[in-house]
Amino acid sequence: MARLTGSPLDVMLDEYATLEDRARLGRHLGLDEPVWVQYGVFLSNLLTGDLGDSLRNRRPVLQLIQERFLASVQLGLVAFAFCTVTAIPLGIYTAIRKGTRVDNIGKVIAMLGQSLPSFWLGIMLIMIFAVQLGLLPSSGRAGPLSYVLPVLTLGWHAVAGLLRLTRSAMLDVLDNEYVKLARIKGLPERTVVLKHCLKNALIPIVTFSGLIFVHLLSGSIVSETVFGWPGLGSLAIESVRFRDYPVTQGVVLFFTMLFLTVNLLVDLLYAYLDPRIRY
Amino acid sequence: MRKKLALVRTLLVTLLFVTTTPAAVSAKPEGTLVIVLATLGGELLIPFMGTSSNKPHWDLLYDYLIDVSPDGKMIPALATKWSASKDQKVWAFDLRKGVRFHNGDEMTAEDVKYSIELAMRDDSRLSRAFELRQLLDRIEVPNPYRVVIHTKSPYSVDDSLSERYGIGIVPKAYIEKVGVKHAAEHPVGSGPAKFVERRLGEYIKLEALDQHWRVVPHFRTFILKQVAEHTTRVAMLRTGEADVIDLPSFMVDGVKKAGFEVKITPLSLSTWITLGGQYVPSNPVHNPKTPWLKREVRQALNLAVNRDEIVKYIFKGTARPAALPYLMPGALGWDDSWKPYPYDPERAKKLLAEGGYPNGFEMTMRTFSMSGLPEMPQIAEAVATYWAKIGVKTKLIPMEYVTHRSDYQNSKLPPVAFPFRYSFEINLTRQMTKAFYSKAKGTHAEAPGLDKLAAELLNETDPDKEAELIRKMGQFLYDEYMVVPIAYTSIIYGVSKKVGDWPLVTGMNEAHHLEFITRREK
């Protein structure tokens with residue numbers, strides 16, 4: 001990354017800085033060492049939980065990530081709740097009512113969610129609901145109303161994917177013989193759908209939900225930039241823009257750990273959902 | 001009767017005193033001013049730790065030795081007066097007495113010395129840190145209200161210590177006691193507003209003082225926020241969530257149509273196209289086949305560009321056509337006879353033919369944005385289009401400035417054109433002797449005639465002669481069409497109906513003087 005995009009010294013230094021100034025600052029920040037030495041120092045510090053200091057903000061990277069992660073978690077959890085509460089019931093309903101008007105509406109919602117760029121969507125929502133109608137704040141993190149537009153922007157794309165997956169998974173299960181048997185036995189439709197169908201359709205839904213959860217928790221660069229939300233996504237883009245390598249490294253490492261942890265939890269959840277799966 | 005006369009006299013004197021009370025103890029600040037900018041520069045609260053993009057909050061928290069008036073002149077601030085020796089190597093500053101930091105400590109010469117030394121630290125990011133390290137010899141404190149600075153060679157140290165370059169004065173005793181890290185989270189200055197709180201990535205909150213020698217702000221609370229997306233900033237202005245925002249030029253019309261006022265910092269940046277590769281023959285990368293080594297070709301490339309159109313359509317009328325790089329009206333050595341080159345594509349074609357290129361030629365132009373001028377890629381595209389009309393086909397290569405920078409800084413540029421910009425400065429000796437002197441690195445153009453003038457300028461200490469040498473260099477650049485000047489641009493702000501007057505300073509690129517913003521009369 002360092003050699004491909006240029007040294008952070010190029011961004012930090014005034015264009016009239018001399019070579020001596022560059023060397024001095026480079027020595028101070030440890031950027032004068034060979035890349036492999038810098039990497040070794042990074043790894044040895046990592047073992048003690050030290051991710052280094054931000055070159056731009058001049059604060060510990062771990063501290064920055066902790067502060068910003070909280071903002072992303074708040075937004076992400078609300079967006080995840082919105083996504084699952086909207087997409088899963090709608091997905092089930094459109095599967096049961098396949099071919100009806102409701103199913104078509106669901107398809108349109110899914111199509112729009114997957115095709116509308118979130119950048120454009122966010123700006124449009126701001127223009128309509130904040131500027132024209134004056135109902136909601138346009139940016140920032142102050143009060144419950146400030147969550148509405150970022151959650152919609154962040155969550156709609158996820159709703160689209162989860163809705164289609166849920167519908168598809170349910171359709172697969174609804175065609176099975178045991179479902180027909182359950183109906184023949186006279187079980188209420190609600191029990192057939194929720195107990196016999198949904199539970200069997202949950203594996204792919206849970207897998208995808210786990211991926212969405214990580215994506216939403218780690219913050220969306222686009223949504224956070226549009227709404228000025230001080231989360232990990234905006235921290236990541238700032239660090240790339242200003243060549244703040246320690247922060248970029250720290251954020252990428254953090255995202256990776258988050259992804260692995262959630263994946264592990266999803267795998268463990270399989271065992272609960274499907275007794276046939278044992279580790 | 002006598003008693004009554006004495007009473008009336010007393011009342012009259014009291015009335016006179018009250019009505020002539022200095023501004024520093026006038027009406028108390030009230031209300032909140034929300035300033036939303038594209039960047040707050042890392043939100044660093046102690047001056048030496050960041051670049052001048054942190055200036056919006058530094059101006060409120062700290063005082064500087066020297067302030068700058070709206071027309072760009074240096075005016076007394078913490079330094080009530082200053083003087084230089086004849087050789088410009090010894091500078092003496094007399095300090096204002098009775099200035100208090102927000103923790104009650106009095107500001108003295110020791111604090112000034114300490115602040116300058118902080119600015120010169122190895123890890124200082126201030127733009128003048130490099131020069132100060134090179135040129136400052138020592139700082140003496142003969143008494144608590146006098147600072148004497150010795151330089152290694154003639155140097156306008158007053159310019160570097162002015163508010164333009166962000167060397168705010170910090171309390172030495174406080175920082176030495178609590179440490180830099182703690183002070184960076186709980187800053188103490190002597191400015192017209194004190195620190196309240198900061199939520200990194202969200203806002204910085206400052207509160208105005210009721211009395212201050214410089215100004216008592218009209219607003220009680222200043223909240224500075226960072227929102228990178230310009231559409232969102234405009235939305236915040238329109239919804240009342242922001243009172244001051246910075247604006248790219250293409251959004252000016254929309255903001256005005258919505259009924260908001262636009263404030264402009266005049267003559268902020270000079271922008272031009274450098275015709276790279278104009279090195280003296282002794283430079284190993286000098287390529288004698290470079291088309292614009294010929295004056296006729298350089299003149300043709302200049303006459304082919306319609307600067308009025310660029311100003312009208314790209315800058316929406318907020319800029320003006322430029323005559324030269326670096327030099328702007330008001331700078332030392334500026335000559336009012338320098339007018340922007342006319343637009344004359346027919347003559348340009350004839351000149352190309354005279355230069356040996358009747359069918360034009362192909363060339364490359366690197367494009368990138370630089371801070372303060374996001375329109376640079378558009379300018380490059382516009383210029384390429386104008387050049388295409390006279391037969392010069394330009395291949396545009398987008399890249400990041402930092403990628404281009406190492407070639408340019410080491411004077412190893414191939415013959416490529418590239419856009420560039422520089423902030424307004426009054427004394428451009430430093431720039432002229434770097435940008436147009438073959439013995440320096442990072443030149444924009446070289447020529448024996450420029451070298452001779454630059455060498456003289458480097459050793460000149462008389463301000464009048466300095467000005468004349470700069471003028472001569474400017475004349476050379478102008479007569480020889482060494483670069484393609486484009487425009488003198490402005491920094492643009494949108495303001496809410498709450499904002500009255502705002503004395504913006506010529507050439508200041510960051511949001512500044514927020515403490516002087518008045519409330520609009522209803």
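In this predicted model, 42 residues of chain B are in contact with 40 residues of chain A, where contact means heavy atoms within 4.5 Å. Of the area that chain B buries against chain A, 17% comes from B:R125, B:F130 and B:L200, more than from any other three residues. The size of an interface is often given as the accessible area lost when the parts come together; the values for this one are tabulated below.

| Feature of the interface of chain B and chain A | Value |
|---|---|
| Buried area (accessible area, 1.4 Å probe, lost on being put together, summed over both) | about 3800 Å² |
| Share of the buried area on carbon and sulfur atoms | 49% |
| Salt bridges (side-chain nitrogen of Lys or Arg within 4 Å of a carboxyl oxygen of Asp or Glu) | 3 salt bridges |

On the side of chain B that touches chain A, α8(B) gives the most, with 6 residues.

Within chain B, B:H57 lies in helix α2 (residues 55-61) and is buried, with a relative accessible area of 0%, the cut-off for buried being under 20%. Not counting residues up to four places away in sequence, B:H57 touches B:L40, B:E43, B:L44, B:L45, B:I204, B:L206 and B:L224. A polar atom of the B:H57 side chain lies 3.2 Å from the backbone oxygen of B:L44.

Residues are numbered from 1 along each chain as its sequence is written, and chains are lettered from A in the order in which they are written. Local features need pLDDT of at least 70, and side-chain atom pairs count only at pLDDT 80 or more, whereas totals for chains, interfaces and linings use all residues.

Conventions: Heavy atoms only, no water. Helix = DSSP H or I, 4+ residues; strand = E, 2+ residues; numbered from the N terminus. Buried < 20%, exposed > 50% of the residue type's maximum accessible area, 1.4 Å probe, protein only. Polar contact = N/O pair within 3.5 Å; in protein donor to acceptor, adjacent residues only side chain to side chain. Buried area = accessible area lost by both parts, 1.4 Å probe.
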